[in-house]
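Visitor: I am new to this structure and would like to go through it by asking questions. Please show it first.

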Amino acid sequence: MPSDQTSRATTTKRLSGEAAQTLPASVATPSYDRSRVVPGIVHLGVGAFHRAHQAAYVDDCLAAGETGWGIVGVSLRSADTRDALSPQDGLYTLAIRSSGEEKLRIIGSIGALLVAPEDPDAVLTVLTDPRTRIVTLTITEKAYLRSASGGLDTAHPDIVHDLANPQTPKTAHGFLTEALARRKAAGTPPFTVLCCDNLPANGATLHRLLIEFATLRDSRLASHIADQVAFPSSMVDRIVPATTDADRARIAVELGVEDAWPVMTEPFCQWVIEDNFPQGRPAWEQFGVTMVDDVRPFEDMKLRLLNGSHSAIAYLGLLSGHATVDRAFADPAIRAFVDALWAEAIPTLPKNAGLDTASYTAELAERFSNTALAHRTAQIANDGSQKLPQRIVASAIERLRSGASPAHLMLVVAAWIAACEARGKSLPEAHFTDPLDTSMATIRDRRLSATETVNAVFDLAGFAKSAPERQRLMELTIVHLEQLQRGGPAAAFAALDI
């Protein structure tokens, strides 16, 4: 979020379409005529990750002459991104940082920005525009509003609102369903819905949730969505740390103009998509996107090896006093733990899927060691209750079913609980957040034993709710939490012979 200092008017010239023509030659700028670009994609959740990932791929396609795929960005909550980028004609800097260098690129693929709470009808208008053929989403796991059982949380106030007020929705479910209903009524073919969030089988998961929501409105509309709307799954990967004021100041010096919200990222970028787009799509494969029939093996590898180890580094790093990923990963004990975590997770991945896990983990180690990113452990720690089921618990269940121990995996769950307990003590009170924070605080304030705490947290978060292995997972977590409470990560590592 831009600071007050950077959002106030200054004497520095602001990035814009006109200013982009005067930038240093070392800065890559859009090589296409933006005035000729037609919007073809609406993106819900126009945050930093989207601007570092999907928007950059689309920018490549526009530069190649595919001018029918401009992006209309929609913020479902905050006006911050719109307020930062609209004065810049939607332009922003993508800073690609490695330990040795930084390359700057101006992205021009976002042509318009809307804020849903301010004008939901404007959002519905672009969603029903026949030119809109794809809707992409990066709204974070918690915005899918799932209950502990994995289904739609029909009691959530925003879901209740959207069912009662379909013309003025608040949620992605409400906007997508109402737009699809209007397109159906107008005889306009449905858009393809492309989920880009870290959910297991994300396309199928969103498909199921949207059908649940639509069924509560109109069973015929639900059948239309079930039968006529494509929901390809995808897997996305790029590390995007939060932008700091120091980043803004440095970028302004390099550009010679002010950018209110540049985005920091790493050189690595991956996007794997199931190729199911009835209304067409950009030629993403020409720019490094992998188009496949089934994304699941790639998704599992990313969730369990990258995202799982990221969560481990975040919570163990916080408990060890490390503020960034590179510093935590440079800690020999944490590095050894991550290697052991990968050794547990790799056997749970799909066999005969052509996955090169050795090369993948070697690449991850290089990425985690990137000192230029300064990826904050607190940023990764957010929303653990939503992330750990697919990143950690699923692998642990498979380990037990194969007769192997998930000891390292369950230490990650214990470290999340311990890190939550540490807030307001060794960590700042609001150092990271979780949708279950209010209930977690109540558990913490009751001063329960490790056994009681783990039982309460598993019930609250719904971890392994219907799995026969649940009790064993809880027992492992209790042992780890006792070690963490007694002697911190060093005691927990010693118990694992690390």
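Visitor: Is R447 buried or exposed?
Guide: This is a predicted model, in which local features need pLDDT of at least 70, side-chain atom pairs count only at pLDDT 80 or more, and totals for chains, interfaces and linings use all residues. Residues are numbered from 1 along each chain as its sequence is written, and side-chain values use heavy atoms, with hydrogens and water left out. Buried means under 20% relative accessible area, exposed over 50% and partly exposed in between (1.4 Å probe, protein chains only). R447 has 75% relative accessibility, so the residue counts as exposed.

Visitor: Where is R447 placed?
Guide: Helices are DSSP runs of H or I with at least four residues, strands are runs of E with at least two, and both are numbered from the N terminus. R447 belongs to neither of the helices α18 (437–445) and α19, but to the loop between α18 and α19.

Visitor: What is the phi of R447?
Guide: Most residues other than glycine have a negative phi. R447 is not a glycine, yet its phi is positive, near 55 degrees.

Visitor: Which loop holds D383, and is D383 buried or exposed?
Guide: D383 too has a positive phi without being a glycine, at about 65 degrees. Its loop runs between α15 (377–381) and α16. The relative accessible area of D383 is 7%, so D383 is buried.

Visitor: How many residues line the second largest pocket?
Guide: A pocket is an open set of points on a 1 Å grid over the protein atoms alone, where a 1.4 Å probe fits, with protein on both sides within 12 Å along at least five of seven lines; lining residues have an atom within 4 Å of a point. A148, G150, P389, Q390 and G462 lie nearest the centre of the second largest pocket. The number of residues in its lining is 28.

Visitor: Which helix supplies the largest share of that lining?
Guide: Helices α8 (202–217), α16 (384–401) and α19 (450–461) each supply at least two lining residues. The largest share is nine residues, and they come from α16.

Visitor: How many residues of the lining are charged?
Guide: Asp, Glu, Lys and Arg count as charged; Ala, Val, Leu, Ile, Met, Phe, Trp, Tyr, Cys and Pro as nonpolar; the others, Gly among them, as polar. The lining has 13 nonpolar and nine polar residues, and its charged residues number six.

Visitor: Which residues is T67 in contact with?
Guide: T67 lies in the loop between α3 (54–63) and β2 (70–75). T67 counts as partly exposed because its relative accessibility is 30%. Leaving aside neighbours within four places in sequence, its contacts are R36, V37, V38 and L62.

Visitor: What share of the protein chain counts as buried?
Guide: The protein chain has 20 helices and eleven strands. Its C-alpha trace spans about 60 × 55 × 45 Å along the principal axes. Of its 498 residues, the share that counts as buried is 57%.

Technical notes
Contact means heavy atoms within 4.5 Å.
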